[in-house]
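Please keep the sequence and the 3D view at hand as you read.

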Amino acid sequence: MNKPRIQDDLYTYVNQDKLEELIIPDDKPCIGGFQTLAEDVEKVMMNEFEEMCANDNYPNDYLKRACKLYQITKDAERKEKFGIKPALDNLEILKELNDISTFNKLAKELALKGISCPLRVRVDTDMKNTKQHRVYIQGPGVILPDASYYKPEMAQQKEMIMGIWVNVARMILAKSNLTPEEQNKYLEDTLAFDSILGNLVKTSEEWSEYVNMYNPMSVEEVSSLLSTIDFKAILNDLFGFVPETIIVSEPRYFENFASVLNNETFEQYKHWAYVNGLINSCSLLTEELRELGSVYYRTIAGIPKNTPIEKFAYQLASDMYSEPVGLYYGEKYFGEEAKKDITEIVYQIIDTYKERIQKNEILEEETREKAILKLSKIGVKMGYPDKVLDFYGKLIFNEESSLFDIVNELRRITLLDNFEKLSKPTNPEKWAMPGHMVNACYDPFVNDITFPAAILQAPFYSIKQTRSENLGGIGAVIGHEISHAFDSNGAKCDENGNINNWWKEEDTKRFEAKVNQMVEQFDGIELPWGKVNGKFIVSENMADNGGMGVTLEIMSKTPNASYEEYFTNWAKVWCMKAKPEYLQLLINLDVHGPNILRANMPPRNFEEWYNTFDVKESDQMYIEPSKRIVIW
């Protein structure tokens, strides 16, 4: 395959040799960039777990428990002895649900047992007063990958994917103690109930506008919407009192709740809860059931083989004890010299962002001052936290129990801890991601950025890379996360993370015009695996644009800066080889654009791209000056 010219396709020019060399692991849908680093971190930490277990030597009680869970999860013979019984025992409570009255009494226990309910209750930060917590309610998940698959235009994909799920469900139900007639009935009712949900719950595109989930209502109003159940009694069981205000995340769903759960649909709900409960339990039962339980997702994502048991055991343990595992990884594998260097880059980016805001034409002077205040108050969390949250001290389990019961108990403790937060203030020191995660984020309701130690390595960042390479890699990603403070969602929050309209009307009009331009720049682009939805991915595209803009300005002030190194490393971090099935899923489910577009679209908006590689009007990576977008 001939390599394209860089002026026509930056992504392929930089990554073609690597893409040909990369081999997607049999248990993964993709590899490259983020995924390769994640695989490497997993290998390192699995070796750490193995050594700790072999020597019976642990740095602390948290890691001791994580390693014990790791060992129990790997023990196939032990899981075989328990078989499917733990999951079936857990589902016995559904036999006590005779009517909606008994549902009201058992709703808390259903939630604590991890059994699907027609409404999910959680405690989270109050988006308009981020120092306190509120109760949020939302609907359940659906069988298909997203609610958008239930739309008439997706009928063909729905039929194909649902067919795969039904086949898997039949195989798993055959392992239960239901008769063949009961299995058919349960499956039929599950599909009927799921169909009701699919037409009411939010799509991924709707969830992407996350500030729209903030719909505070009085408990009286919500109780009126949920007229078929005793919502106040359920709240009282969960919290010991009835909160006055409830945040309704999915208004459409709850406005139609009476059609979801009523006397006519109650048996459908019970059977749906049973089937979902059994399928969701498979990974914690025998190896045969773990294999069966993975078939649905693996088929629609193009993954040939299930995750090896050792890797699954590590993933489970490091997820349950995420912060202690991340702290251990960060302290051991991320040095103080690198932490100091990367922190300097962060503050250089923040300061440069302030300078760019001062010159920005979207905002009026008063609004600019507030934007600069927001930048001044951004919290910076790099590498790993100083200590583990007290919560992890509660995660104790009985080692003699089945793996299913152990994990269910840990999840129960976690859920109870969440409920207890309602009467406590929020903790801005809490990290959004653990140190061993290859990712980064901006939290709009804390106004901080988090960069775990695991992402702070090549190609994103290395103390051995040039400053130009680091700016094109981690620098642009840091700028990306900071830009989320001013994207189509984050711009609606103030310096304290509260939803608060601090913009003037004219600012908003100019900003929305830019947002619409960004939507149009991506919308409708045809790729081999689907068509791009510009509105769905606009916040991430704005962040990529902002990240590139701010780091290119730093490049202009950097001695011996190499724009070629900058753009090359920018393209390198987005390298990804993936199964076609997985790419089709991502285009419908992921708020981030396809990697090839993340590499190729942002540079076209900046003069430095054209000057560095002499990009001309006849080149494919050319955009006429009037259509170039720079927002921040």
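Does Y622 count as buried, partly exposed or exposed? Y622 counts as partly exposed, with a relative accessibility of 22%. Please keep in mind that this is a predicted model.

**Aromatic rings**

How many aromatic pairs does the structure hold? There are 31 of them. A pair of aromatic rings is described by the distance of the centres and the angle of the planes. Here are two examples, which you can look up in the 3D view.

| Aromatic pair | Centre to centre | Angle between planes | Arrangement |
|---|---|---|---|
| F391 and Y392 | 5.1 Å | 65 degrees | edge-to-face |

In the F391 and Y392 pair, both residues are buried. Rings can also gather in a group: Y353, F486, W502, W503, F511 and W632 make up one aromatic cluster.

Lysines meet rings here too. K202 lies over the face of W207, at 4.6 Å from the ring centre. K339 takes up such a place over the face of Y384, at 4.4 Å from the ring centre.

Now turn to helix α23, which covers residues 538–556. With 19 residues, α23 reaches 27 Å from its first C-alpha to its last, close to the 27 Å expected at 1.5 Å a residue. Why can α23 be called largely enclosed by the rest of the structure? The reason is that 18 of its 19 residues are buried.

Another helix to find is α7, where W165 has its place. W165 counts as buried, at 5% relative accessibility. If you look from W165 to K387, the two are 222 residues apart in sequence and 43 Å apart in space, C-alpha to C-alpha.

**Empty spaces**

Rolling a probe the size of a water molecule over the atoms shows where empty space is left. The second largest pocket has a volume of about 610 Å³. Its lining is made of 25 residues, and Y149, M154, Q584, I587 and N588 lie nearest its centre. The elements giving two or more residues to this lining are α7 (155–173), α9 (204–208), α15 (287–301), β10 (530–531) and α25 (580–589). Which of these supplies the largest share of the lining of the second largest pocket? That is α25, with five residues. By class, the lining of this pocket divides into ten nonpolar, eight polar and seven charged residues.

There is also one cavity of 30 Å³ or more. This largest cavity has a volume of about 40 Å³. Among the residues lining the cavity are R78, K79, F82, L284 and F404. Helices α4 (76–82) and α20 (403–420) each supply at least two lining residues, and the largest share, three residues, comes from α4. The cavity lining has six nonpolar, two polar and two charged residues.

**Backbone details**

Most residues other than glycine have a negative phi, and most peptide bonds are trans. A few places in this model are worth a look with that in mind.

Where is the residue D56 found? D56 is in the loop between α2 (33–55) and α3 (61–74). Its phi is near 50 degrees, a positive value in a residue other than glycine. D56 counts as exposed, at 57% relative accessibility.

N447 has a positive phi as well, near 60 degrees, and its place is in the loop between β7 (441–443) and β8. N447 counts as buried, with a relative accessibility of 0%.

Finally, follow the chain to the peptide bond from A458 to P459, which is cis, with omega near 5 degrees. P459 is found in the loop between β8 (448–452) and α21 (467–483).

Methods. Residues numbered from 1 in each chain as written. Predicted model: local features only at pLDDT ≥ 70, side-chain atom pairs only at ≥ 80, totals over all residues. Heavy atoms only, no water. 1 Å grid on protein atoms, 1.4 Å probe; cavity = no way out; pocket = protein on both sides within 12 Å on 5 of 7 lines; lining within 4 Å. Points joined across faces, edges and corners; volume = space filled by probe spheres on them. Helix = DSSP H or I, 4+ residues; strand = E, 2+ residues; numbered from the N terminus. Nonpolar A, V, L, I, M, F, W, Y, C, P; charged D, E, K, R; others polar. Phe/Tyr/Trp six-rings, centres within 6.5 Å; stacked < 30°, edge-to-face > 60°. Buried < 20%, exposed > 50% of the residue type's maximum accessible area, 1.4 Å probe, protein only. Lys NZ or Arg CZ within 6 Å of the ring centre and 35° of its normal. Expected span 1.5 Å × (residues − 1).
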